[in-house]
Amino acid sequence: MTTTPAPSRHAGTLITGANGEFGHGLIRTLHDAGRRDLVALDVHEIDASLRPMCRDAIVGDITDAALLSRLHANYEIHSIFHLAALLSTRSEFNPEAAHEVNVVGTVHLLKLAADEAASHGHPVKFMFPSSIAVYGMGGLEAKARAGAVREDQCLEPTTMYGCNKLACEHLGRYYARHYRQLAKDRPRGSGRVDFRCIRFPGVISAFTLPSGGTSDYAPEMIHAAAKGEAYACFVREDARIPFITMPDAIEALLKLHDADAKALTRTVYNITAFAPSAGEIAAIVRRHFGASGGMASRFASLCPPSPGSAGEGRGGGAPDISFRPDVERQGIVDSWPADVDDSAARQDWGFHPRHDLAAAFEEYLIPNIRANYAT
Ligand code: AKB
C-alpha cells in the first residue's frame, strides 16, 4: 500500500531501535550536534531522557509495513539509522522471530528509503550496523591462523543473527545498485538508496548494558565490578574478539554517514579498536577495581556494594571475577574472528578510534562508570 506523501511533510532523520544502547548514544550525539529533526522509532516507549531531543517519538514495530507507509506519508526522510535488531544470543532462542525483525523489518525500511528517494529525488542515506557475527571462522585453529580478517573472507556465519546481518548487507547493496532493475520506472540518477554499512565488533558503553548479545561478557564484567558484584564470565579466559567503545562506534557511524560518496569503495566496512582476551579484560578490571588505591576503596565510600553482593565488606578486595564457560555461547565467540582488518575504513573515510584498550578504561569507562554509579 503506497500512501501519497502529504504536501507538508516534516523533514526527518529516522532512527529505529531508538531506545537501545546505540539509540541512546546516537540521539544524544546528534542532538548535541544541533539536529532537531530526529524521529525516533522503537517497540517500547522512548526513554523520558531522550524524548525532548526528538522531533517525534513513535512506538511501533518495523515488521508492520503499514506503519512505515504512514512514516512515508508524514516525513521527508533523507537519512535512516536502522539500529533495531535482535542480537545473537537472543536470536538463537527464537530464530524465526529474529529473521522477521532483522531481515523482513530491514526490507521494510529499505523500501521506505527507496520510496522516499523516489518522492524527493535525493539519495536517502541508509546507515546499517552489521556485525562481526557475519564471519564464521570454522574452528579455533582456523581462527588463530586467520588473524585479522578482511571484509571478503570467512563469510559463513553460524548464528541466525549472523545470517540475518549478512543477508541485509546484500539486500542493502541490491536496493542501492540494482533495485527493480527491470522496471520501466526503476530508480535513476540520485533518487536512490545510499546504503552504508559498518560491521561492528563488540561495543562497550559506560552508561548502558547490552542485552541479548554474545559479546556482552565484557561490558557485563566491567559493570559488575563497578557495582561490587561477583561475575561468572560465560566464555573462557583465552576467548578473543574485537571491541570498540560506544562513543567511537557512534563517531564511526556519523563519519561514514557524512563521508563523500565518491570516496567510498565499498558498501560494507570492518572497524575495530582493540581485541583483548576475556582474561586480559578481567586483569584490567581487577587492576582498576582492585585493592590498593584501586577504584574499590575510593568507590566503596561513594556507592556501598548492594547487600549480599561480593563487594560487601570488600573495602579493598579485588572484584570477584570467575570463568564458567557456557559451551554453546563459547562456540559462537570461537566462530567470530580474533580481530578484523579495517584498513578500508581508515583509507576511505578516515576511521580512527579515539580509544585504544588503555584509553578505553582510563579515559572513558572508569571515569564515567564512577560518575554513573556514584549518583
Ligand atoms: C552480539 O553480541 O550479538 C552483538 C554483536 C557482536 O553484534 N554485540
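**Close-up views of salt bridges and a helix pair**

**View 1. R354 and D248 form a salt bridge.** Their closest N and O atoms are 3.6 Å apart. Like every view here, this one shows a predicted model. The pair links distant parts of the chain, 106 residues apart. R354 sits in the loop between α12 (343-349) and α13 (357-374). D248 belongs to helix α8 (residues 246-258). Are the two partners buried or exposed? R354 counts as exposed, because its relative accessibility is 52% and the cut-off is over 50%. D248 has a relative accessibility of 2% and therefore counts as buried, the limit being under 20%.

**View 2. R199 pairs with E169 in a salt bridge.** The closest N and O atoms lie 2.7 Å apart. R199 is in strand β7 (residues 193-200), and E169 is in helix α6. The two residues are 30 residues apart, and the pair links distant parts of the chain. R199 is buried, at 3% relative accessibility. E169 is buried too, with a relative accessible area of 4%.

**View 3. A salt bridge joins the side chains of E280 and R240.** The N to O distance is 3.1 Å. E280 lies in helix α9 (residues 278-289). R240 lies in the loop between β9 (231-233) and β10 (243-245). The pair therefore ties together parts that are 40 residues apart in sequence. E280 is partly exposed, with a relative accessible area of 36%. R240 is also partly exposed, at 29%.

**View 4. R9, E76 and E116 are linked in a salt-bridge network.** Across the whole structure, a search finds 16 salt bridges.

**View 5. Helix α4 packs with helix α6.** Two packed helices are described by the angle between their axes and the distance between the axes. Here α4 covers residues 95-120 and α6 covers residues 160-177. Their angle is about 15°, and their axes are 10 Å apart. Angles under 35 degrees count as roughly parallel, so α4 and α6 are roughly parallel to each other. Their crossing is right-handed. Which residues make the contact? From α4 come P95, A98, H99, N102, V103, T106, V107, L110, K111 and A114. From α6 come M160, Y161, N164, C168, L171, G172 and Y175. By class, the contact of α4 with α6 has 11 nonpolar, 5 polar and 1 charged residues.

Definitions and conventions
Residues are numbered from 1 along each chain as its sequence is written. This is a predicted model: local features need pLDDT of at least 70, side-chain atom pairs count only at pLDDT 80 or more; totals for chains, interfaces and linings use all residues. Side-chain values use heavy atoms; hydrogens and water are left out. Axes are lines fitted to C-alpha atoms, for helices over the stretch in contact, and angles run from 0 to 180 degrees between N-to-C directions. Helices (H or I, at least four residues) and strands (E, at least two) are DSSP runs, numbered from the N terminus. Angles under 35 degrees count as roughly parallel, over 145 as roughly antiparallel, 65 to 115 as roughly perpendicular and the rest as oblique. A crossing is left-handed if the near helix is turned anticlockwise from the far one by less than a right angle, and right-handed if clockwise. Contact means heavy atoms within 4.5 Å. Ala, Val, Leu, Ile, Met, Phe, Trp, Tyr, Cys and Pro count as nonpolar, Asp, Glu, Lys and Arg as charged, and the others, Gly among them, as polar. A salt bridge is a side-chain nitrogen of Lys or Arg within 4 Å of a carboxyl oxygen of Asp or Glu. Buried means under 20% relative accessible area, exposed over 50%, partly exposed in between (1.4 Å probe, protein chains only).
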